[in-house]
Amino acid sequence: MCGIIGKIGVGNVVPDLINGLKQLEYRGYDSSGIAIINNGEILRERAVGRIKELEKEINKTNPEGVVGIGHTRWATHGAPSERNAHPHLSSNGKFALVHNGIIENADEIKNQVLSQDVVFFSDTDSEAAVQLIEMNYKGDVIEAVSSACKEIKGSYAFGILCTDFPHMIFAAAKGSPLVVAEGEKGNYITSDLCAVNDEISCIYRLKDGEICSVQKGKIDFFDSEGQLLAKKSEKSELDKQDVTKGDYEHFMIKEIMQQSEAVEKTVDSFVIKNKIQFSDVCFQEDFLKKQLKNIVIVACGSAYHAGLAGKSIIEALCKIPCNVDIASEFRYSEAFISKESLAIFISQSGETADTLAALRLAKSRGAKTLSIVNVKGSAIAEESENVIYTKAGREIAVATTKAYSAQLAALYALGIFIAKKIGKMTASQEKFYVEEMKKLPEKISQTLEKTNEDVKKLAKEIYRSPDVFFIGRLSDYATAAEGSLKMKEISYINSQVYAAGELKHGTISLVNDGTPVIAVAAQKDIFTKTLSNMAEVAARGANVVVITDEKTKNRVTDGYRIISVSDTVKEFKGSLLVLPLQLLSYYTAKLRGCDIDKPKNLAKSVTVE
Ligand code: F6R
């Protein structure tokens, strides 16, 4: 949440800051701004809305400078407005600061700073930091930043300019990502390397409490006390991925269509000779066989839904109890985990603040930790003992699709892997599942193709509905929950998900004539149960649509509309059933004229709790 870019180069850095911000827009898009140093003075431009609004402002004044910082904001404290947009300036105009994170004791700091007759210009927590730095400044920026950071509670990645050092950028981080990169055309600070359009020779990730000063030919690192630090560089693994929409109208539909590839690459990364082998997972045999008593899966949003699907497969194959928790709840709960627990954290971005905090809690309780992450080198991946990387590639649409599918594949593999290790699965069963898993990419393509037109028609029918309900049981519930989340987040239709048997305990009173009820029902054993729940809502006038598979569709009675996906083994069905639901949310949002790739109030990476 919130993206930071800073560059010190030879020529004018403004175009690079703007291009970088465009790449970072996925982290927030309420407002944006840049600050550069020109003739010893800070020049600043800010605008509400997307980066293109900022660009318009910049085109009016054409500011130039060889050192600058930029920011794209997802509002936490203070409405999205120009005065709350970053960079923030200190009272005397000496410092400009961009911030990602949350300063929890901002009010306390403000009161302290206010007693020094300092004027505040915004309602943000971030401004407290720049004023505090100014208050601590006696000629040494590192010292001032170090003193300020000691007082700040919460999380931050800061990019800072100071007019006394017009050829330097300063940065500090704690709990929010910040990468320093050495490039051919300059040096950079950024929240995400994708913002840097340059040949990068090496990078440094700031660890909690670290501070740095970046000059054109020199980068110095300091610990939280301001003492010089020897820091090892890493090789940049930024692969220049295709970040264009190609022939597609939106990134979301492109990414939906890329799911076959995302799953194929993910599966290929851990299937070796029809066996599951993970390169970054190293459990002691004894832990899985003798110690492991329970599994918890912790995640947020869609990753949580992937976790729900993961629970079904893990419990079915491994016969080990598996609970799934929302990270923001888990981190403040009793969290019954111990040395005999395996705690699994799922995150596309690898930087979701609540998931990261939950991981730290699990570690402190001695649980074995494993994360399923799409972004290499991200905080969750780095802090987990074991990692399974999904290979979905960069996901740009805010609503996740291909990363979700890749997470499901990783969870299937993990279920098979554990079941095999603890003796609940034979080698031939493993081979069977692996072969089925390898067929998924082809079936994903088939399903997308064969359901596309039916889903488009359905979207035309439902796009004006004020409400939509999704129902399902067990793993179908997980799929329904994901379908419902997709619908509400991009089409803004009030969409609810319910376990199919739960409707009649209250919610059914909301079902009216024509209310769309999307029922996910593809499990043989409980199919008739969900069918009864469909009949209950149909009797109240609902427009029931059944999402099922080829094998099960003949069991659908009562003339409901059916959308059927390809067949696969029951454990993997969620991978196919979710596809028409993703398409449905996409086409519905499109008919409603929504901003599909950047839905209102959301950001791709949620680094605040
Ligand atoms: C929904 C969506 C979000 C994320 C959630 C977790 O389409 O994208 O619900 O799934 O914010 O994000 P990660 O997976 O990055 O931890």
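In the predicted model, Ser 405 touches Gln 259, Val 263 and Gln 582, when residues up to four places away in sequence are not counted. Ser 405 belongs to helix H13, which covers residues 402-421. Its relative accessible area is 1%, which is under the 20% limit, and Ser 405 is therefore classed as buried.

The overall fold is described next. The secondary structure of the protein consists of 18 helices and 26 strands. The radius of gyration is 25 Å, in agreement with the value near 25 Å that would apply to a compact globule of 609 residues. The C-alpha trace extends over about 75 × 55 × 45 Å along its principal axes. Of the 609 residues, 60% are buried. When contacts between residues at least 6 apart in sequence are considered, 72% of them join residues at least 24 apart. The accessible surface amounts to about 24,100 Å², and carbon and sulfur atoms account for 47% of this area. The side chains include 76 positive and 80 negative ones, with a separation of 6 Å between the centres of the two sets.

The domain assignment divides the protein into domain 1 (3-238), domain 2 (252-425) and domain 3 (454-599). The centres of domain 1 and domain 2, taken over C-alpha atoms, are 33 Å apart. Contact between these two domains involves 9 residues of domain 1 and 7 residues of domain 2.

Several backbone features were identified in loops. The peptide bond that links His 86 to Pro 87 is cis, and its omega is near -5 degrees. Pro 87 is placed in the loop between strand E4 (67-73) and strand E5 (88-89). A positive phi of about 60 degrees is found at Asn 274, although this residue is not a glycine. Asn 274 is located in the loop that connects strand E15 (271-272) with strand E16 (275-276). Lys 319, also not a glycine, has a positive phi of about 55 degrees. The loop that holds Lys 319 runs between helix H9 (301-318) and strand E18 (322-326). With a relative accessibility of 58%, which is over the 50% limit, Lys 319 counts as exposed.

Contacts and separations were then examined for individual residues. Ala 603 is situated in the segment after helix H18 (574-591). The relative accessibility of Ala 603 is 9%, and the residue therefore counts as buried. Although Ala 603 and Glu 25 are 578 residues apart along the chain, their C-alpha atoms are separated by 8.5 Å. Beyond its neighbours within four places in sequence, Ala 603 is in contact with Met 1, Tyr 26, Arg 27, Gly 28, Trp 74 and Val 398.

Gly 49 lies in the loop between strand E3 (41-48) and helix H2 (51-61).

Ala 195 occupies the loop between strand E10 (186-190) and strand E11 (200-205). A relative accessible area of 5% places Ala 195 in the buried class. With neighbours within four places in sequence left aside, the contacts of Ala 195 are Ile 5, Gly 20, Gln 23, Leu 24 and Thr 190. Ala 195 and Ile 526, which are 331 residues apart in sequence, have a C-alpha to C-alpha distance of 49 Å.

Asn 512 is found in the loop between strand E23 (494-499) and strand E24 (516-520). Its relative accessible area of 46% lies between the limits of 20% and 50%, so Asn 512 is partly exposed. From Asn 512 to Cys 300, 212 residues away in sequence, the C-alpha to C-alpha distance is 31 Å.

How values were computed:
Residues are numbered from 1 along each chain as its sequence is written. This is a predicted model: local features need pLDDT of at least 70, side-chain atom pairs count only at pLDDT 80 or more; totals for chains, interfaces and linings use all residues. Side-chain values use heavy atoms; hydrogens and water are left out. Helices (H or I, at least four residues) and strands (E, at least two) are DSSP runs, numbered from the N terminus. The radius of gyration is taken over C-alpha atoms; the globule rule is 2.2 Å times the number of residues to the power 0.38. Buried means under 20% relative accessible area, exposed over 50%, partly exposed in between (1.4 Å probe, protein chains only). Contact means heavy atoms within 4.5 Å. Accessible areas come from the Shrake-Rupley method with a 1.4 Å probe; for residues, only the protein chains shown count as cover. Lys and Arg count as positive and Asp and Glu as negative; His and the chain ends are not counted. The place of a charge is taken as NZ of Lys, CZ of Arg, CG of Asp or CD of Glu. Domain bounds come from an automatic or database domain assignment.
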